[in-house]
Every structure is written in structure tokens, then in C-alpha cells.
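Hi everyone, thanks for having me. I'll walk you through one structure today, so let's bring it up on the screen.

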Amino acid sequence: MNRAIISPARLCGSLTVPPSKSAAHRAIFCAALARGESRLYNVSNSEDMRATLGAIQAMGVNVTREGDALVINSGGKWEDEAEIDCGESGSTLRFLIPVLAALGISARLTGRGRLPYRPLDTYLECLPPHGAVLQSKGGLPLSIGGGLIPGEYELPGNISSQFITGLLLALPLLPGDSRICLTTPLESAGYIDLTLAVLRDFGVEIRTKENGWEIPGWQQFQARDYTVEGDWSQAAFFLAAGALGGELHIHGLRRDSAQGDRECAALFQRFGARIDWQGDVLTVSGAPLRGIEIDAAQIPDLVPILAATAALAEGRTIITGAARLRLKESDRLAAMTNALSALGAKITQKPDGLVIDGVPQLLPGTAEGCNDHRVVMAMAVAALRGAASTIITDAASVAKSYPNFFEEYNRLGGKANVI
């Protein structure tokens, strides 16, 4: 068992956030679907990125690194068959399924951790009527055959945005126009906005309509050079660290980003933190924090760090709209409830959220990381305000999205001993 032993501290100084994992997944797929050479800059070497790169290589795409550039070269010739390990990456898996079906690649998909058990019902229901042949017992392994045909794809809007993004990547490739029709209001809209922005950058046209999108067929993705922007969801951990008593100057973020998680700056300001833009640098510093109400339907990935912050904010915080977090790398509502409760926090889980009454500081103890990168990083930030040392299990899980998180944490003044 790997773990981190963390002593109370303040984080101060400057940092550059890692590249957006969400934007990078989308850019890699777009570059793979383009004919010719694309050069992607600012792509991390996290486990999820390696899963997506391995997937496109299995499809027949050439991937190399030249200096700080990731070079992706596709001639539009695909393997007939592929065996693909998606690791623990939900984005890799869910983006891949309709793309493989659109290209007519027969494939068998596998994964690790909780990924084999994460739901695929949306694709199992909506793809077979359009020509795809999917064989699964509900999760992984999954076998794909057949070939996707254009048409009208109907699905609910309150599912993971990864399903919608997968279709938006695949349907422009088809020999005819298609439409995605949502039967319920869209959640995680920021992730779809990001998908549309990256698709535009690679020359793909998507028309937004009421309750869905029109996707012209016969489109060709355009190879290009592309720089991945900084990751707002990762920046949130350091915004919280500043809000809890530090002072940090964060570089690499776009104020006009399509990432929905940019909302974290406004949320920490509502908690009471001092947030200020100085040119392209976002500065956060500590102040007395107070509980707030948060609808997390559009920002599910922020819930672990928002919960950690709320546990140390005066008064009550209520988080709603987060039921889908029970189907992530862990049941994140249960994981954050158990981890914070083990350190003396006052937190209760509801079917779709959390109710948290803040305490001045956390008690010494052991918090279970549940092999979930966001839970581990959130608890590492909460441990800054511990009364004494905190132990967090599964510390190595940060490699999934932010391999050097603890190095950066310690460089800024943190006291984490990762064993």
C-alpha cells in the first residue's frame, strides 16, 4: 500500500498548472482522425494520456515525440482489427467506441480498476440501431463490429458528457448528415463546449440546435499544430490551498476557456477567498471562509476539492446535482464522506450530494484515498489544515492525471512524505 504522510503547512509561491486532460484527450482524437501530421504541445505524460495514445496507435496511427511536441501522423488508413487497453480512462473508452464503429474497425476493449464496471448502457442502446455491433455484459470487455451509419441519435442529457463527445467526434466521419437529440436537459455543458471548441480548431463543423446538434457528414478533420491549454480542474486544488491560508500565483490558465471547471474561481470567491487576475496570472490568498450552496451538475469533477474546502469553512455547505459521482474512479460522494469523517469533519452524504458543516481544523487520522486521484489530491489539500499529521492511502493514484502533484505541493511549502 502506498501512502502520503502530511503535516500541516501553508502553500505559497508561483506555479504553472498542468495541461488540460480534457482538452488533450479531444485534441489527440482529432489529430488521429486528420490526414497528415499534427504537432501537439503541452500534453502531459499521465496514465490517462498514455491510454488514449495507445488506443490511437492500435488503430493504426503513428505517434512519436520530437522535443516538446507530440507528433501524430495519420494517413487515414486504419487497422481492420484492434485490441485496446483503455487503462482506467473513461474518456478514452467512451470517446473510442463510436469512433471505432464509424471507421469500421473491429475491436476488443478492456480496462482496469473500476473502468470495466462503469456503465456503457447509453451506447449499448443507441449505437446498434445505427449499424454498430456491440457485445458486452454491461461493461468491459466490449467487442465492437459492424459500421456506424448516419441518422438521428437520441439520448438523455443527464448522462456523462463523454457519451455525447464520443458521438460528436464520430458522426462527422459518416457518409451523410446526423443529428443528436437530447431527451432531457444537458448536464456538464462545459465539457461539450470544450469538445465543440476543439473540433472547430481541427476544421469540423457542428451546428448547435435546440435540444441537440446537427452534424454534417463527409467531413475531414484538418491536421494542425495545437497547444493544449492549462487545466482548470487541476488548478482548483491549488486555488483551494490558497483559500485555506496560503498565497499562490497560478500561471497557464485561460480566462476565456471553454472548460466548465473555470467556474472554480468564482466558487472559491463565494467561499470568501481573495481571487484576483493580474494579467494572465490568477492569484489566490486565504481569508475567512463561509459555507455556500453549490449545484454541481455542470462541474462534477470539482466536487472532491469543494467538499474538502467546505469541511474547513464556517457554517454549512450544501452540494447538490452530483449523483453521477458515484460512478467515477470511486463513489466520490461516499469516498469524500468517509475520508473527511475519519479526520473529524462533519459531513453527510445524500443521494445526489453532500451536506457539510465546517470545523476549524481536521484531526489526526487516516483518510482512504480509494485509488482515486481526485480524492487523494483533495485530501492532501485538506490536510494542510490538520491539527497534526494526516495519512492518505493510495497516494500513487495521482499518476492518473497529475503525476508530479506531490512534488509541486512540497515545492510550494507542503510537507508530504510519499511512501
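This is a predicted model: local features need pLDDT of at least 70, side-chain atom pairs count only at pLDDT 80 or more; totals for chains, interfaces and linings use all residues.

How much space lies in the largest pocket? About 250 Å³. If you want to find it on the screen, look for Leu 33, Ala 34 and Arg 35, then Gly 76 and Trp 78, then Leu 103 and Leu 173, and finally the run Gln 219, Gln 220, Phe 221 and Gln 222; those are the residues that line it. Two elements give two or more residues to that lining, namely β3 (34–41) and β14 (221–222).

Now for the second largest pocket, which has a volume of about 190 Å³. Its lining is made of 13 residues, and the ones nearest its centre are Arg 94, Pro 119, Ser 160, Arg 324 and Leu 327. Here the lining divides into 5 nonpolar, 3 polar and 5 charged residues.

Okay, on to strand β1, which covers residues 3–7.

With strand β24, residues 390–393, it runs antiparallel, and 4 bridges join the two. One example is Arg 3, whose bridge partner in β24 is Thr 393. β1 pairs with strand β25, residues 415–418, as well, again antiparallel and over 4 bridges. There, Ile 6 has Ala 416 as its bridge partner.

In soluble globular proteins, nonpolar side chains tend to be buried together. In our model, the largest nonpolar core has 79 residues, and the ones with the most contacts inside it are Ile 250, Phe 268, Leu 340, Met 379, Phe 405 and Phe 406. Helix α7, residues 232–243, gives the most to this core, with 9 residues. Apart from that core there's another one, of 73 residues, including Ala 27, Met 49, Leu 127 and Ile 164.

Let's zoom in on Ile 250. Leaving out residues up to four places away in sequence, Ile 250 touches Leu 15, Val 17, Ala 235, Phe 238, Leu 239, Asp 280, Val 281, Leu 282 and Val 284.

Conventions. Residues are numbered from 1 along each chain as its sequence is written. Side-chain values use heavy atoms; hydrogens and water are left out. On a 1 Å grid over the protein atoms alone, a cavity is a set of points where a 1.4 Å probe fits but cannot get out, and a pocket is an open set with protein on both sides within 12 Å along at least five of seven lines; lining residues have an atom within 4 Å of a point. Grid points are joined across faces, edges and corners, and a volume is the space filled by probe spheres set on the points. Ala, Val, Leu, Ile, Met, Phe, Trp, Tyr, Cys and Pro count as nonpolar, Asp, Glu, Lys and Arg as charged, and the others, Gly among them, as polar. Buried means under 20% relative accessible area, exposed over 50%, partly exposed in between (1.4 Å probe, protein chains only). Two strands pair if DSSP finds at least two bridges between them. A nonpolar core is a set of buried Ala, Val, Leu, Ile, Met, Phe, Trp, Tyr and Cys residues joined through side-chain atoms within 4.5 Å. Contact means heavy atoms within 4.5 Å.
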